[in-house]
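Trainee: I have not looked at this one before. Can you walk me through it?

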Amino acid sequence: MRNISVIVIALLVAVTSAVAEKAPYDYPQMVPQIERQGGDTISQATEIDLGTSVSGTTMGYSDDYDEICDFVNPGAPDVVYVFWPGMCQNGWVEANLCSSEYDTKLYVYESDENNLVACNDDYCPGYMSELSFESGQPIYIDPEHRYYFVVDGYSPGDMGDYTLELSLLYGSTPTQASNFSIVKGLYR
Ligand SMILES: [Ca+2]
Ligand SMILES: [Ca+2]
């Protein structure tokens, strides 16, 4: 009987330890670059997720969109990605085209092309684009909306190979979400 009690206690200790050692929430990590060409328009947008780096080209795609962030020189071909936040994904997101091969422009629409929420042309060396706190254009993600990332160029002749990285800064859990309105108020 004593042996059985010892075994039961040992099992309880093991289970308790396992629970106590449960890993904290695993934030999305940047995964190796993958080939996933963007869509030509919003209705054809390719899905992208946080912690993802995707690559493709704007060569051969049409010029469907343009936004003014400092410079007015429309005409470059563009491609579109869409990010759908899950129920537990809200907060600040950063994106960049810093590893691209041409003079890029990057901007984000919330829900549709009439609602621009962030735009950058030249923050990175080489006239490439970054949407971040550092560039003054972070992206606040609300799980009730979808977000369209448009990979564009500075002028009609600017097109080519791009790499788009999308990363989470703050958020993604309901607990942390309570702090987002405070941070958001500081920057918007
Ligand atoms: Ca364009
Ligand atoms: Ca640029």
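Trainee: What kind of model is it, and how are things numbered?

Mentor: This is a predicted model, where local features need pLDDT of at least 70, side-chain atom pairs count only at pLDDT 80 or more, and totals for chains, interfaces and linings use all residues. Residues are numbered from 1 along each chain as its sequence is written, while chains are lettered from A and ligands numbered from 1 in the order in which they are written.

Trainee: What is the mean pLDDT?

Mentor: The mean is 82, and 71% of the residues reach 70 or more. pLDDT is the predictor's confidence in each residue, from 0 to 100.

Trainee: Where does it stay under 50?

Mentor: Over residues 173–188, for which the model has 16 contacts beyond four places in sequence. A contact means two residues whose C-beta atoms, placed from the backbone, lie within 7 Å. Where pLDDT is low, the predicted coordinates should not be read in detail.

Trainee: How many helices and strands are there?

Mentor: The protein has 2 helices and 11 strands. Both are DSSP runs numbered from the N terminus: helices are H or I with at least four residues, strands are E with at least two. Along the sequence the pattern is α-β-β-β-β-β-β-β-β-β-β-β-α.

Trainee: What order do the strands take in the open sheet?

Mentor: Its 5 strands are ordered β2-β4-β10-β6-β7, with mixed pairing. The edge strands are β2 (46–47) and β7, each pairing on one side only. Two strands count as paired if DSSP finds at least two bridges between them.

Trainee: Which way do β6 and β10 pair?

Mentor: Strand β6 and strand β10 (residues 147–153) are antiparallel, over 7 bridges. In β10, Val108 has Phe149 as its bridge partner, and Leu106 has Val151.

Trainee: And what joins β6 to β7?

Mentor: There are 4 bridges between β6 (residues 104–110) and β7, also running antiparallel. Leu106 is partnered with Asn120 in β7. The two strands form a hairpin with 5 residues between them, and Ser111 in the turn has a positive phi of about 75°.

Trainee: Are those strands mostly covered or exposed?

Mentor: Mostly covered: 6 of the 7 residues of β6 are buried, as are 4 of the 5 in β7 (residues 116–120). Buried means 20 or more other C-beta atoms within 10 Å of the residue's own, exposed means 12 or fewer, and partly exposed is in between, with C-beta atoms placed from the backbone. Of the protein's 188 residues, 35% count as buried.

Trainee: New topic. Where is Ser62?

Mentor: Ser62 sits in the loop between β3 (52–57) and β4 (79–83).

Trainee: Why does it count as exposed?

Mentor: Because Ser62 has 11 other C-beta atoms within 10 Å.

Trainee: What does Ser62 touch?

Mentor: Asp40 and Pro77, not counting residues up to four places away in sequence. The C-alpha atoms of Ser62 and Asp78 are 6.3 Å apart, with the two residues 16 apart along the chain.
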